[in-house]
Amino acid sequence: MQDREGFGVDEKGFRKFIAEGKRVPPRLGESTIRSHIKMVKEFESFLRRRNAKKDCTNATARDIRAFITHLHKTHKDKWNNLIGLLRYSRFAGNEDVELVLLIILDGSDVLKKLTMAVGDEIGKKKSGLILKGFVLPPIGTSPKRMPRATKSFMNRLESNLDRNTCRKILLKGVHAGPPEYYAEEKKMLRESKNVDEYLRKRRRALIKQLSDHMKNDTLFFTQRIDKKSLDFVRRNPEVAGGVRRGDRIFQTKIPYMMIEYLAEKDDTMKRYYYCHCPLARESILSGLDISHDFCYCSAGYEKKPYDVAFGEPVEAEVLQSVLWGDPVCRFAMRIPKKYLAEKS
């Protein structure tokens, strides 16, 4: 928590918060930390011009939205700038600002990264022809408008590329973060006698994380955790870290809004509360038809920890999806044969 004896960015406290690595990715680089601090200082200067008594600890949702509008006008509404504000809001204990930024940032750079992944996979020239005229939605675009952009992107891919290539692009896990985010996965597997023990450790880690959020009344991404939510995860080992059957790990996605999901009776609304994807979630309510294969983007996210743990890309398959009309999103990841042989 920031020292309230005086105004100003608490750089020392923020650095300590980052070093603890509890609510930020591990091992953030010095240049990243400095850019975060620079943006926070700009936010506080903006606040002070509007109200001399405002700082990052007492800023409101309206304040951060106004600042994002300011950043848009100055062409600074970039993902890296907003993620720095998000991380500082967590340190400062300002949940109002944190939640606004989480919602705005959730998936905001995925389409951009996917367009880059297209170029990496098939070459810049061919990619440029396929995506010519495709306009990336700016940060802060209403979630209701995102499915149309997603549909346009998928239509371009599927009209020009074969299914395997499309899936290969989507499975890159562009929104999952760099491999260093998952160093603990590799460590857990290395210290386990087999894959089953590794998966049990994953389940215990997630349940502890959720328990801590419930105990401390803090957000797990954008949602609160109550006892019913925690009990739901505990009863479902596929949700809580995956279960091995044969040479595959089966994993069911944790609902995006568990409290609302568990209380809802209507099937459509349950699927809406379940869905994590900000690029397609609203299509569940609007009825807009988006390619089923787009869910392989989520599979790419789910498989990234296993890619790091096993030291190689794993095969992934989407088995069920709420976008397809199923009650859950469920995936299967194939364990590399050499690892099954060594760690059985």
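Biologist: Why does His-75 count as exposed?

Modeller: His-75 has a relative accessibility of 63%. Buried means under 20% relative accessible area, exposed over 50%, and partly exposed in between, with a 1.4 Å probe and protein chains only. The value for His-75 is over 50%, so His-75 counts as exposed. This is a predicted model, in which local features need pLDDT of at least 70 and side-chain atom pairs count only at pLDDT 80 or more, while totals for chains, interfaces and linings use all residues. Residues are numbered from 1 along each chain as its sequence is written, and side-chain values use heavy atoms, with hydrogens and water left out.

Biologist: Where does His-75 lie, and what is its phi?

Modeller: His-75 is in the loop between helix H3 (61-73) and H4; helices (H or I, at least four residues) and strands (E, at least two) are DSSP runs, numbered from the N terminus. Its phi is positive, about 60°, although His-75 is not a glycine. Arg-27 has a positive phi of about 55° and is not a glycine either. Arg-27 lies in the loop between helix H1 (11-20) and helix H2 (30-50), and its relative accessibility of 59% makes it exposed.

Biologist: How many disulfides does the structure hold?

Modeller: The structure holds zero disulfides. Cys-329, for one, is in no disulfide, and the nearest cysteine sulfur, that of Cys-275, is 6.0 Å away. A disulfide is a covalent bond between the sulfur atoms of two cysteines. Cys-329 is buried at a relative accessible area of 12%, and Cys-56 counts as buried at 5%.

Biologist: Which residues of helix H9 are buried, and what puts them on the same side?

Modeller: Thr-165, Cys-166, Ile-169 and Leu-170 are the buried residues in H9 (residues 163-170). They cover an arc of only 135° around the axis, which puts them on the same side of H9; the arc is that of the directions from the helix axis to the C-beta atoms. The buried residues of H9 pack against helix H6 (110-122), helix H8 (146-160) and helix H16 (296-310). The face turned away from the buried side carries Arg-163 and Asn-164, both exposed.

Biologist: Which residues of helix H10 are buried?

Modeller: In H10 (residues 183-190), Glu-185, Met-188 and Leu-189 are buried. Their arc of only 95° around the axis puts them on the same side of H10.

Biologist: What links Asp-293 to Arg-163?

Modeller: The side chains of Asp-293 and Arg-163 make a polar contact at 2.8 Å. A polar contact is a pair of N or O atoms within 3.5 Å; within protein, one must be able to donate a hydrogen and the other to accept it, and residues adjacent in sequence count only if both atoms are side-chain atoms. Asp-293 lies in the loop between helix H15 (283-286) and H16, and it counts as buried at 6% relative accessibility. Residues that Asp-293 touches include Met-154, Glu-158, Arg-167 and Leu-170. At the start of H9, a side-chain oxygen of Asp-162 comes within 3.1 Å of the backbone nitrogen of Asn-164.

Biologist: How many aromatic pairs are there, and why is the one of Tyr-88 and Phe-91 classed as it is?

Modeller: A search of the whole structure finds 14 aromatic pairs. Tyr-88 and Phe-91 are 5.2 Å apart centre to centre, with 70° between the planes. Rings of Phe, Tyr and Trp (its six-membered ring) pair if their centres lie within 6.5 Å; planes under 30 degrees apart count as stacked, over 60 as edge-to-face and the rest as tilted. Tyr-88 and Phe-91 are therefore an edge-to-face pair. They are three residues apart in helix H4 (residues 79-92), which separates them by about one helical turn.

Biologist: Which lysine lies over the face of Tyr-261?

Modeller: Lys-270 does, at 4.1 Å from the ring centre. A charge sits over a ring if NZ of Lys or CZ of Arg is within 6 Å of the ring centre and within 35 degrees of the ring normal. Lys-113 lies over the face of Trp-79, at 5.5 Å from the ring centre.

Key
Disulfide = S-S within 2.5 Å. Contact = heavy atoms within 4.5 Å. Lists of a residue's contacts leave out its neighbours within four places in sequence.
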